[in-house]
Amino acid sequence: MSGGGGDFRAARPSNGEDGPAGEDGDVNDPHIDQERLGALLEGNMPPRERAALLARLAASEAELEAYADALAVTDELEAEDGLADAADEALEEADGGARVIPLRAPRRRGWGAGPRLALAASLAAVAIGAAAWGLGRGTGQPADPGRFAALLGRPGIPAGWNATPWTASRTPDETLDPHARAVRIGARITDLEAAAAAGDSTAARAAAAEAGALLEPLAAGGPAAALYGELGRRAGEPAGALAPLRERGRRTAARLAGEDGVALGAWAEAARLAAARRDAEFFRARATRRALERAAADPALPASARGGVERIRAALAAASAPDWGAVEREAARILADAGT
């Protein structure tokens, strides 16, 4: 099997229809320290690190809400400072423009010297840490890329499904760009989840084998590949019995290959499946909207793929029913561009 992924379009009979069931800094860090959070709140963070940290926050509604609360606190504090500034100006005017010594201590902007911002960051850090523990992420686990497959309305993979929209691999040991490899792994994770939920052991076995082949060349990828080998061998067992093993495989794959790329591939493949089934609920889900927003702003994504993201957003925002064929084609183009 090719290390870049094969095609299992004719691997198994159709089970019928499609479905829905289902967010860096250091994403594996269980807590966001106050210094980084303060830099983010003040806009003093390098773009790449900022995008990574925002993706970490966006991976969980609870963490994102905690960060939003911190923003609200800083907005209120800035508004209070603004009122105080206005009061100073009014005093100066009343004194004929003469300089007055304010009764308040000078307000110093900046994370290092800003006790108010520090307070907001502290509150948010505590809330975010608690949210991470509540979601089982206190151990440093990456967000589960299976969340997108879980949004599909109907499980399964359509008959004749093209599982490799990207450029076909030329040799079994073809060297892939790390991000492209992660995207392909994410797509295979979605295929495995969709097939397992439908009881399609043939497609589940093929997806597990491809995920393992993609993981094998990675540093420390051997055990993860073996895990997917086990999933392939046991593909005929009830989906519920293998759910813990599949979850461990998904999180391990995201940690090894890169959460951003795996999440993008998992989402784009789920979007393709959802569009093929006219699954409007998948595209109404908050996780889908956030995935589109992140992809549109991701500088690591090829311009052609970002264009596809924008076209999907435009199609979904239209007053009339979306052109589902066009949405499916754009999702396939995103996978092709990002996974090659």
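Leaving aside its neighbours within four places in sequence, T190 is in contact with A149, A266, E269, A270 and L273, where contact means heavy atoms within 4.5 Å. T190 lies in helix α5; helices (H or I, at least four residues) are DSSP runs, as are strands (E, at least two), and they are numbered from the N terminus. With a relative accessible area of 1%, T190 is buried; buried means under 20% relative accessible area, exposed over 50%, and partly exposed in between, for a 1.4 Å probe and protein chains only. T190 and V262 are 72 residues apart in sequence, and their C-alpha atoms are 10.0 Å apart in space.

The model is predicted: local features need pLDDT of at least 70, side-chain atom pairs count only at pLDDT 80 or more, and totals for chains, interfaces and linings use all residues. Residues are numbered from 1 along each chain as its sequence is written, and side-chain values use heavy atoms, with hydrogens and water left out.

The protein has 13 helices and zero strands. Of its 340 residues, 49% count as buried. Its accessible surface comes to about 15,500 Å², of which 55% belongs to carbon and sulfur atoms; accessible areas come from the Shrake-Rupley method with a 1.4 Å probe, and for residues only the protein chains shown count as cover.

Two packed helices are described by the angle between their axes and the distance between the axes. The axes of α5 and helix α9 (residues 259-276) come within 6 Å and cross at roughly 45 degrees; axes are lines fitted to C-alpha atoms, for helices over the stretch in contact, and angles run from 0 to 180 degrees between N-to-C directions. The helices α5 and α9 are therefore oblique to each other; angles under 35 degrees count as roughly parallel, over 145 as roughly antiparallel, 65 to 115 as roughly perpendicular and the rest as oblique. Their crossing is right-handed, a term for the near helix being turned clockwise from the far one by less than a right angle, left-handed being anticlockwise. On the α5 side, the residues making the contact include I185, T190 and D191, and on the α9 side they include V262, A266 and L273. By class, the contact of α5 with α9 has eleven nonpolar, five polar and two charged residues; Ala, Val, Leu, Ile, Met, Phe, Trp, Tyr, Cys and Pro count as nonpolar, Asp, Glu, Lys and Arg as charged, and the others, Gly among them, as polar.

Helix α5 (residues 178-197) also packs with helix α6 (residues 201-215), at an angle of about 160 degrees and with axes 8 Å apart. These two helices, α5 and α6, are therefore roughly antiparallel to each other. The crossing of α5 past α6 is left-handed. Among the residues that meet are R181, R184 and R188 in α5 and A203, E210 and L215 in α6. This contact of α5 with α6 divides into twelve nonpolar, no polar and five charged residues.

Another buried residue is G249, at 2% relative accessibility, in helix α8 (residues 239-257). Not counting residues up to four places away in sequence, G249 touches L227 and Y228. The C-alpha atoms of G249 and A208 are separated by 9.7 Å, the two residues being 41 apart along the chain.

Two loop residues complete the account. A220, in the loop between α6 and α7 (221-233), has a positive phi of about 65 degrees although it is not a glycine. A220 counts as exposed at 60% relative accessibility. R278, in the loop between α9 and α10 (280-284), is likewise not a glycine and has a positive phi of about 55 degrees. With a relative accessible area of 47%, R278 is partly exposed.
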